[in-house]
Every structure is written in C-alpha cells, then in structure tokens.
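Open the model in your viewer and keep the selection tool handy. We'll go through it one stop at a time.

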Amino acid sequence: MKRLSTVLYTTCLTGLLVACELPPRQHSGEKQTADIIRTSASTEVDPNEEYVMVTTAINMPMYVNHDQAAFKKWGAARGVKVSVLGPAEWDVPAQIETIEQVIATRPAGLLINGTDPGITQAINKAVAAGIPTVVYDSDIPGSRRHAFLGTDWYQIGQMQGEEMVKLIGGKGKIAYMGILGLTNMEQGFQGLLDVIKKYPEIEVVGKFDDKANVETAAKLTSDLLAAHPDLSGICGFDSNSGPGMALAVKEAGKAGKVKITTVDWEPEHLQLVQEGVIQMLAGQKRELFTWYGAQFLFDMVHSTNKLSANDAQIGITNIPHTINTGLIKITKENVGQFLKR
Amino acid sequence: MLKKLLQDRVYSLGITIALICLVASILFPANFPTFENVSQVMLNLSIDTIVAVGMMLLLISGAFDLSVGSVVAFSGGLAANLMYFHNLPVPLAILAGLSSAILIGWVNGYLIAYQGVNPMIQTLAMMGIVRGGALLVAGAGIQNLPYWYNAIGQSKLLGIQMPVWYMLLIVAILSFLVNKTVFFRRYYYIGGNEKAAHLSGIRVKQMKLYGFILSAALAGIAGILLSSRLGAAMSTLGRGMELRVITAVILGGASLSGGVGKIPGALLGAMFMGIIANIMVIARVSGLWQDIILGIILIFAVWLDLFVQKRSLHQNFFRPIWKKESSKELGKAELVE
Amino acid sequence: MMYLQLKGISKYFPGVKALEDIHMALQKGEVHAICGENGAGKSTLMNILTGNLQPDAGELLLNTQKIHLSGPMQAAKMGIAIVYQQLSLVDTLSVAENIFANSQPRNRWGFIQYSQLYEKTNQLLSRLGLHDLQAQTLVVDLSPGQKQMVEIAKALSKDPTILILDEPTASITERETQVLFTLIRQLKQEGKTIIYISHRMQEIFQIADRVTVLKDGKYQGTYQTSQVSVTELIRMMVGRNVVVEKYASSATSEQVLEVKNLSGKRFRNISFTLHAGEILGLAGLVGAGRTEIAQTIFGYLPRSSGEILVKGKPLTVSHPEEAIAAGIGYIPEERKSQGLFLEKSIVDNILAAKLTTAIEHGWYNPDKATNLAIMYKDKLRIVAPDVHQPTVYLSGGNQQKAVIAKWLMADPDVLLVDEPTHGIDVGAKAEIYALLRKLAEQGKAILLISSELPEILGLADRILVIREGKISGELMGQKATEEEIMALAAI
C-alpha cells in the first residue's frame, strides 16, 4: 500500500516536472521564430479596429497634452478606435500588467511608452502573440518591438551640456537633477557629463533626485544655492525639474544669474523662458511619437507598403525600425512662436 | 446556514468574486472568460498575494508592515546586482536576497516588539530606508539576468506561469499551518487581546518578532519572483504595494484591530482587486477613472459587508436567549443537586 | 409625591421580550434600588430612561406630564442623568475637562477659558464634598474609586433631578463606598431622586429607601427596604435561596507554594505558604498591592527580591509561560481586558493557556479542541448556545466560567484567583464559590484575592490582610469577622 502511494507520488511529481516548460532562451540578434503578425485582409478601415496605447502616469499633463492628444487626433482622423490605458501613478509593474492584460484582448496594434527596460518581457509577449507593437519615447533595446520612435536621451543631455557650457563661459559650478533610477534619465545624465568633462574648469557639485515633484525640485535648488552661492547653472531632466528650479532661483533673486537648462516645453516652461529665468529648453517632439507610431501600426496591420507577397508570414517588418524624431531647442529668441501655438 | 456562510468573509467574498466573474463573462464573452486572460490575471495578482499572506498574519496579530513594498524592490535588486555585477551564482544571489529581507524583518520586529517603537513609524521609516537601498543596488534597473534566474518566474506548468503556482503553494502551506499548528494559532490570541495572551503564557514579543520576520521573508520571496518574472530588477518595483496589500487583506477579512482573518482571505482580497482592475482594462476604462471606480467599489464592498455583519450582530446582541436560559438552567441545576 | 412614573413599559427585541409591562413610580428625594440578575432587564430599563431606546408600549410620566425621550440629550434636558458602569472617562485629560466634556466654558470667540473651567470644577467638587479631587489632576492618576466620583460629578454637572447609578461600587473599595454613600445621602437631602442599580444586597439595604425587583424582564414588586429581608429579595431575583455558607476546610499539610520575603512593585517582604487543598484569602483595600503580588508570582510583573518555591523547588519566572510550566495559574481581576479574548469563541478562550492539549498526531485539531471545550462547558455549566459563540455575548458569570475553564484545562497545582466574582450576578457567584471549593477539595492550592468580605470569609481557610503592600495580619477563616478584617486593612 505504502509502496503504491510512493509510486503514485513519484509519477505525479515526474509528470509535473515534465509538464513544466522553461522560457525560451534569448538569443542575441535576430529572433529564431517568425511570429505570425495578425494583419487585416483588406486595406479598408474597419471602425472596430482598435489601437491601444499603454503608458504609465497616465494623468501627467505632458502625456495628456502631447502624446495622448495626438494619438486621439490620429484615431479620429483615421476613423478607428483608440484607447489609452495604464496606471495613474508612475508604476512600471502596473504598466506591465496592463500590457499583458491588453494582449489577452487582442487589439489591432499596441503603442507602448518605453518607460523602463523592465517592460521587455511584456513587449516580447505582445510580439509573440502576433500584435504589431511600437515603442515610443525611450527605446527598449533588448525587446523585439517592431518599431521605435523617440528621442535619444543621451542627446538631450549633450544638448543641455553644450548650451550650459556656452551660458557659463566654460567654467563654474553646476548641478543637475531628475528622477534617479530611470534608464532614460541616466542616459541623459551621461550625455551631460560626457560634454562637461571636456571642460576641467567646470565643477559638478551634485546629482539630485527631485522625484518628479515641483516642491522637491524647488527645495533642492534653494538648498543648493545656500550651499554654493557661486553656483553657475543647473540642468533639469524631468518635466517638473524646470518649474521647481526656476521657482527657487527666482525666490533667491538670482533669476538670469544662475543659468537653467531643462527639458520639456509645457506652457509653464515657455513662460519661464520668456521671463528669462530658464535659458534653454531641450524639447521633444512628442506629438510625432504617437501620431507616427500609430500610423506605423496601421500601416503594418494593413500592409500598406508590401515588401513581399506575404510579409507577415515570412517575418518581415514593413515599417521603419528606429526613428529619431530629433530635438527642438527653445531659447528666448524663438519662444514667442511656441507661446503663440 | 447561508447567513452563517455569508458572515464568513472568505465565503462572502468568494461569492462576490464569482458573481463579478459571471457578469464580466456575460459582458465581455470574447475577452474575459478566456484561459489567457484568467491566467494573466492570476499571474498579476500572484506577487501581491504572496506579500498579502504575510500581511494577513501580521494583521491577525494586530500589527502591520509598511516596508514590504520596499523589501520587494530590495531583495530582487540585491539578487540581481550580485548576479549581474559580481557574477554570483543564482542560488547564492537568491539566498542573499532572502537573507536581506529576513534581516529587515528582524530589525522591524526587534525594535517594535522589544523596544516598543511605534509600528507605524518603524515600518514607515524602514520603507524609506529600504527604498533608498533598492535605488543603490538596482540603480537605473538591471536587465539581462541569468537564464536560470529568469526561469524561476517565467517557466510554465500546465500553461500557467510559475509565480501562480508558488503563490498557491504558499497560500496552501500557510493556511494549513495557521489552522493546524499551535505556533501560528497564537497569533489570533495576540491580536485578540495582547494582555490576556501574555497572561495566558504566550510569549507575545517573541511571536511578534517572528511575525515581522515572516512577513518580510515573504516580501523577499515576492521580490525575487517579480524580478525573475520581469527579467529585470527595478528600484521602483513594489511602489504603493503596501497599501494595496493591506487593502486586499482587510477586504479578505482581516481587521486593523487584529484577532481575525484567514489566510485564503488574502488571496481572495487580492483576487477581488485584480479582477476589478482586469475588467477595467478590458472595458478600456481610462486610467483617470480607474482609481475612482476602484475606490468606490472598495467602499461599497466593505459597507455591504458591514451591513450584513451588523444585521447579524444586532440580532445576536439583542437576543440574549442564552441569558434567559441561563437563569432557568441554573435553577434546574440547583434542583438536581 | 410621585415624580417619575413608568406605566406598562414594554420593550421587545427580535425573539425576546426584554421588558414586559413594567410599572414603577419614583418619589422625589428617595434612593430607589433596582435589583435583578444579569439579563433581568435592568440595562434595557436604564436605556429607556435615558432615551437610548424607545419603549414599544407604555408611557413615561414626569410630574404627571407624559414625556417622550428621543435620546440622551433630551433626557438630560428633562433632568435625567446616568453614571455608567463602564467608566466613560478619558484618561489623558484632566478631571475638569472630563466633567465638562463638550460643555467647557468658552469666551465669545469660542475658545475654552481654562481658568473658569477649573474654578467651576473646583466649586462643583467642593459642593459635593469631594475635597481630595483637584480640577487639574489627570484622570489617569486617580484610583478607581476617585474615577467613579469624577464620573458622578460629571453627571451632576448638568444639575439633574434624577440620577441613575449603574453598579457604582463594582470597582471601588469599602471606604470609597462609604464616601459615595455620604454623597448619595447629601443628594437625597437636596431633593434629588437616585436610582441605584446593584448586585450587592448589603449596599441596597444600607442606602436604598425602596427596592424594585426585576426577573426575566418582568416586574416582581417594589418594597420598603425596612420591610423585606435579604433572603426574600434574593428569592425573588433568582427564584431560590442563595447564601454564602461556610464550607468545611479541605486543607492538607502539603506545602505547594512558598513565598519568602517577596518584594516588587507596590509590595514589600511578603512571606506565606500555601498548602494543597487550601484556600488562602488575600484581603485588603483596592490598591493595597494584592494583585501585584499575584502577578509577580505569575511572572507577569518583575520581582525585586525574595524567593518563590513551588513544591520546594525555587522558581525564577520572567514570563507567565514559565509559571504555567511550573504549575501556576492566574485568573485576572479585569476579566474583559486581561482574562478574555472577547471576539474569540469559547473554544479558543478555553484553550488559550494550553493550546497543546488540542494537538492530535502532531497537528492542532479543531475538532478535538471543540470536544474539549464542550466537555468543560458542560462541566462548568457555561450557558451558551454554541461553543463557537464569541465570549463577548456571554453574561459576566459565564465569561468568568470560561476563564476558569481555561485554567482548569492547563491543570495547575496553584491557582491565583483575583476578584473572581467581580460584576457577576448572584446565581453565578454561588456556582463559582462551589467550583473554587471543589477545586480545593481536589487538592489544588488556591490564593483568593477578594474585596468582598462575605466572599472571603465564606471561602478562605486562612486570611492574610494586606495593607499598603505589607502583610498587616493573618486571621483564621472560620473565626474571622468583617470588622477584624477592616480593622487590619484600613489605616
């Protein structure tokens, strides 16, 4: 009796072990299996065709006013359904969960904000499920996404660095802040530092985490100004860095004396450039990310530009692989045009 | 009979979940009741549930731990850091991740139970400290973790990803232990009345220390699983998890004042929240609305439960039948003697 | 002159008649006692008089005017105030702030005027003759008796004409009881009507002019205290005679517990021996240090010096777990806050001190636990529909029996029993007395702490009187009198 149960247990256990399937080994370079991308048979637009954008911090004004607005405008222009999903907070695991749940509902195409390399698995899952998948904003290099549109964050850092060098005349103390621990920001920091290190007379006094919070950014900046009264410039890397830094500099009565370069061009930022508190903005063309991103998805679904008899079957991607939408440099000279928009 | 079942949160919540699933299946027949969707929902809630099991035990004993979310990020981050930058073998890295979690739990438990530090302040402070630590070890995120490490969370059994199985295993083992061992049953006494527990010979401080260690260890396991499942360690993992988990656990029948709760309730609470979130994704509810709707549903669920409880409590309270019987029976007893 | 009249008051709850056709008339300037067992309907009646509950039938007449009480606020307006049994004071606030809770004197901007608050409080306290209370003292620093006085002062601050006292002596000492009675007599002189609810027969006869008896929600009659005897009253309450009779001693010469020069928090140099089969009484005023002695022997409080020997072996305890292992059990004074797990079932409560008894084949077995609980429930006649019933729903007597059952389960040789019949009705009291006596007969050594003199005189073989943390005398239980004990206990 006892022996029988032992045998039973062993059989069950072995059975379970056999049933256990390991994840596919990742190969560098080209993927080994061609995923059958689901494409529409006709070139006609089906009004039920749905394109889903999954982001994080879905309520962030910059995302709402640029990314989401352009995406929705595109949906209306094409006559297809568009949905925007994702957590309200900056919560990458929640974004991943949303992507994975959306995959199960089989949308026509997925537009994903490349918030963190951690979303690689989720992107690959979508691709494996045969859903055209485009990443925007920051690239996820290890993933099998079909296309990427966005800005090179390293360039954002470089642009700020070069401008800052000019503004402070190649010498003095500078600091920079952003959200620490985010891959794209860290690339930006690197871009900045690589420029600055060519100028031995420039001293970097610190790297700070403003947690994407205006008050934190302002508090950090005023502390910095107190500790280094001779501070020459500050660079910001998230949407809220600029307004926070500007606030503190204004309050210290050093507007224009302490140079500020930062990212993004929300009305608030533009106003500060107009006032002369911020000297330069490194702006992204966010509208282009999502408009063209969605268009790429659409073109892939409808095989607008066929490269072979059946691109999907032989695993050929008939849309661009990587698009750099470039940067816009906003200074006091051209800010008026942006304010008028 | 039905009323009695409804009074048990595990059953009432189970029925609620079943009803919600039924409605969702009718509304979204193509998207909700599919194997792919359901296994996805389970996978998503598995990590929260593992943490919730530890939190349930703490809440039963009348305590709670706000640092679990940070521990999730730290244990996974530390393991990833050791493997990626120091080429430590996978098992050793996992061991290091888990040990760090246990150490954090020990510090929490020791300061709270033996030194009398307020648990709220202690675990809140620890939440910040450990989050900082996670930022140190995981930095901008660590990808390309060893294959066998990723295999832990990405393998599948019967088509379902492993974290779901681990979660079920942990729920099953702890449910069994909590029901079947004197050690774990003590937590109900401690949460019910700490003084009376002490006067009944239960080593309250020691048990509390173990509770914090266990909760942190489970958070550590969750951290390893999450980073392995994502194939990446991030310093932002588990952010906001503490409140989500406490909500799930209270939904699952625990009380902030302690003494009540069952381990399966942790799973059901997490399931409830996970399924609601899933339905909102399927229904394409915008993120702007998701938090609002979830909040309203939560309040409604708890209020409904309170309503059911109050009705039965009301009747018990104002029906002192046994008190009346008491005097009668006493009289009888007197006569017999 | 009939002041407040109740005519045919009835109150029904789903499945039970809590009060049925109650007729009562209160006179101005009388002390009117209401007695009855727990569950007799006293609480429901009080809740109706204070407007917390509305009667389903019958009417209330105040000065021959029909009144309707919609809530405590309105009752207060009508001049009815109640002093609850459970203390309703906030420990961390001062006496003054407690008395004038929510009605502190304010200036025209709405800010509290503390000087006036303290002055008003001191005036009230001195008018009530409570000279040892100060307006600014924090309540946490007061004795239970003083707290009770603050509680009464709080009720009187609204200058009521009818004052309801619910078990006011439950947690206070004999001496404080006398202070309370002086106050009650003074209030009576002022023409106030006092409703006095109590279990204690002695007090009723000492203070009340008339007494009304309730049983199972029914009115049993109102009597002049001068024309009725204790025995008659008890018979009406419980339907049988209950007397604390002297029991035969079952003490042996076998020493089970020996305490030598034990000192600790609030007591010094305590020495005594406790024998198998003996009940040793610890008498004294509340706060004399008796509870501390028991809790130190039990390892709950630290000892500063001295020795404890159990069956000749020295015992060092730093945690109750060790005391239990050595065969000591402790039934605490505060049943609800220290003895019971109120939200937990009878099963869980009975098993608390010895969970391991429910282990079968290495695992905790809920069925075995239930069976054990049923066994003890029957053995101790705990009246409850179900052993899975949370103990919060049990009457005081049954709750206490559950606590005792917990310790019987652990089967100690020495049982330290602290105020075992605190707030328990007469019938259950008699049962607990019989139980303690039976345990002694079975050879258990019992240390009985009690502030009820008849109880200690009836049960104990020997009595140690504690005064201010020291033994002030030893009396033989069979011969001692209340006067002797009081003489040794009081300063």
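Among contacts in chain B between residues at least 6 apart in sequence, what percentage join residues at least 24 apart? The figure is 79%, where a contact means that two C-beta atoms, placed from the backbone, lie within 7 Å.

A quick word on the ground rules. This is a predicted model, in which local features need pLDDT of at least 70 and side-chain atom pairs count only at pLDDT 80 or more, while totals for chains, interfaces and linings use all residues. Residues are numbered from 1 along each chain as its sequence is written, and chains are lettered from A and ligands numbered from 1 in the order in which they are written.

**Stop 1: chain B.** Select the whole chain. You'll find 15 helices and two strands; these are DSSP runs numbered from the N terminus, with helices (H or I) of at least four residues and strands (E) of at least two. Of its 337 residues, 54% are buried, meaning that 20 or more other C-beta atoms lie within 10 Å of the residue's own, with C-beta atoms placed from the backbone.

**Stop 2: where the chains meet.** Now show both chains. Here 39 residues of chain B are in contact with 38 residues of chain A. On the chain B side, the elements that each supply at least two residues include helix H3 (35–60), helix H11 (204–230) and helix H14 (287–317). That side divides into 14 nonpolar, 20 polar and five charged residues; Ala, Val, Leu, Ile, Met, Phe, Trp, Tyr, Cys and Pro count as nonpolar, Asp, Glu, Lys and Arg as charged, and the others, Gly among them, as polar.

Next, pick strand E1 (residues 20–21) of chain A: two bridges join this strand to E1(B), and the pair runs antiparallel. (Strands pair if DSSP finds at least two bridges between them.) Click A:Glu21 and you'll see B:Lys156 of E1(B) opposite.

**Stop 3: inside chain A.** Nine residues of domain 1 are in contact with 11 of domain 2, and the domain 1 side has five nonpolar, two polar and two charged residues.

**Stop 4: a spot for caution.** Colour chain A by pLDDT, the predictor's confidence in each residue, from 0 to 100. The chain averages 85, but residues 28–33 stay under 50. Where pLDDT is low, the predicted coordinates should not be read in detail.

Terms used. A residue is buried if 20 or more other C-beta atoms lie within 10 Å of its own, exposed if 12 or fewer, and partly exposed in between; C-beta atoms are placed from the backbone.
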